[in-house]
Amino acid sequence: MSINNLQIRDVSEAKLVPITEEEYANWLRGKGTRIIKHRGRYWQESYPGFFQPVHLLARLSYEQATAPQIFNWGFQTTLDTNDAAFANGVLPIHLLSEIENYDLQSLSANRRGQIRKSHKLVKFVELTGPKLLQEQGHEVLASALKRTNYGNLKNYLADIANLDFQHWFVMGGLIEGKLGAFMTAYAIDNTAYMHTLHIATEALSTCISPGLHFEFVQMCRRSGKIREIAHSLHSREDSALCTFKDGMRFGVQRIPSKVEINPIIAKFIQKRYPNKYYRLTGQD
């Protein structure tokens, strides 16, 4: 199939259009996620019995930051700056919060060289439909999964079928006309969330990853509405990944949060899964 029939367009024409909490909550609900509206905000049951706002960086007021239902073992939410004094934890997250000044000159010479290399070898495109991912994405994910142990091949085609290309942004990197990487993202209000990123191992030498990150930020800048970009929680156990994100200016920020976890379960998580406990509380 020719590239012209693969539902793509040059990324320079793309803009990320933010959606509302309600729209994202409805999308999650359509996928089977349990959603509760509580004090004007939407919460999702991210684990059985544990709740987080669907807009994790919404920064709720103290009055809103309460358990969305009585029967639960915990919840976590970020807090508004005015109510930061009530925080009992922090959310450690890779966050770019000054996107208006993000250009090549704001990066190190090494990163600038990598991005220029990627532009010579990779064509960055917005995917406006599922065709390219259905034809070539499985191979990319399989390669990335083998290297990173992150991703889900079993549900891949179903996940692609459920992607809402109207409200989500999907970017791909083409190397000699073949898909080498793809990422998905969405924005709620003024916050963009980088959701997934999969890169075929054989594509890494083209510096496709720095190129994808750079082009995504530029696209967010063009939207005129995005003020910050979240790039996943802090995986302190993966130092190489953290170094890369820091080098792209997605440094770790610690957002004041309110966390309530059943004490018995909290001790279990802290002992058995210390890095997960850290991402829930910001504490060791």
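This is a predicted model: local features need pLDDT of at least 70, side-chain atom pairs count only at pLDDT 80 or more; totals for chains, interfaces and linings use all residues.
Trainee: What makes the protein as compact as a globular protein of its length?

Mentor: The secondary structure comes to eight helices and twelve strands. The radius of gyration is 19 Å, close to the 19 Å that the globule rule gives for 284 residues, so the protein is as compact as a globular protein of that length. Along the principal axes, the C-alpha atoms fill a box of roughly 55 × 40 × 40 Å.

Trainee: What share of the residues is buried, and what is the cut-off?

Mentor: A residue is called buried when its relative accessible area is under 20%. Buried residues make up 49% of the 284 residues in the protein. The protein exposes about 13900 Å², and carbon and sulfur atoms supply 50% of that area.

Trainee: How do you know that contacts join residues at least 24 apart in sequence?

Mentor: Among contacts between residues at least 6 apart in sequence, 69% join residues at least 24 apart.

Trainee: Why is the pair of Arg9 and Glu126 called a salt bridge?

Mentor: The term requires a side-chain nitrogen of Lys or Arg within 4 Å of a carboxyl oxygen of Asp or Glu. For Arg9 and Glu126 the N to O distance is 2.6 Å, so the pair meets the requirement. Arg9 lies in strand E1 (residues 8-10) and Glu126 in strand E7 (residues 123-127), so the pair ties together parts that are 117 residues apart in sequence.

Trainee: What makes Glu139 and Lys178 a salt bridge?

Mentor: The N to O distance between their side chains is 3.1 Å, which is within 4 Å, so the term applies. Glu139 belongs to helix H3 (residues 131-148) and Lys178 to strand E9 (residues 178-188), so the pair ties together parts that are 39 residues apart in sequence. Glu139 counts as partly exposed at 43% relative accessibility, and Lys178 counts as partly exposed at 41%.

Trainee: How do you know that Arg279 forms a salt bridge with Glu237?

Mentor: Their closest N and O atoms are 3.2 Å apart, within the 4 Å cut-off, so this pair is a salt bridge. Arg279 lies in helix H8 (residues 274-281), and Glu237 lies in the loop between strand E11 (228-233) and helix H6 (239-247), so the pair ties together parts that are 42 residues apart in sequence. Arg279 has a relative accessible area of 15% and is buried, whereas Glu237 is partly exposed at 46%. A search of the whole structure finds ten salt bridges.

Trainee: Which residues of H8 are buried, and what covers them?

Mentor: Tyr277, Tyr278, Arg279, Leu280 and Thr281 are the buried residues in H8. Their cover includes strand E4 (50-53), strand E5 (74-78), strand E6 (89-96), E11, strand E12 (252-261) and H7. After H8 comes Gly282, whose phi is positive, near 80 degrees.

Trainee: Why is Ile269 called buried, and which residues does Ile269 touch?

Mentor: Ile269 is found in helix H7 (residues 263-272). Its relative accessible area is 10%, under the 20% cut-off, so Ile269 is buried. Leaving aside residues up to four places away in sequence, Ile269 touches Trp73, Pro274, Lys276, Tyr277 and Leu280. Ile269 and Leu280 are eleven residues apart in sequence, and their C-alpha atoms are 9.8 Å apart.

Trainee: What is the phi of Ser232, and why is Ser232 called partly exposed?

Mentor: Phi of Ser232 is near 75 degrees, a positive value in a residue other than glycine. Ser232 is part of strand E11. Its relative accessible area of 30% falls between 20% and 50%, so Ser232 is partly exposed.

Trainee: Where is Arg249, and what is its phi?

Mentor: Arg249 is in the loop between H6 and E12. Its phi is also positive, near 75 degrees, and Arg249 is a residue other than glycine. With a relative accessible area of 26%, Arg249 is partly exposed.

Trainee: How far apart are the mean positions of the positive and negative charges?

Mentor: The mean positions of the 34 positive and 27 negative charges are 4 Å apart.

Definitions and conventions
Residues are numbered from 1 along each chain as its sequence is written. Side-chain values use heavy atoms; hydrogens and water are left out. Helices (H or I, at least four residues) and strands (E, at least two) are DSSP runs, numbered from the N terminus. The radius of gyration is taken over C-alpha atoms; the globule rule is 2.2 Å times the number of residues to the power 0.38. Buried means under 20% relative accessible area, exposed over 50%, partly exposed in between (1.4 Å probe, protein chains only). Contact means heavy atoms within 4.5 Å. Accessible areas come from the Shrake-Rupley method with a 1.4 Å probe; for residues, only the protein chains shown count as cover. Lys and Arg count as positive and Asp and Glu as negative; His and the chain ends are not counted. The place of a charge is taken as NZ of Lys, CZ of Arg, CG of Asp or CD of Glu.
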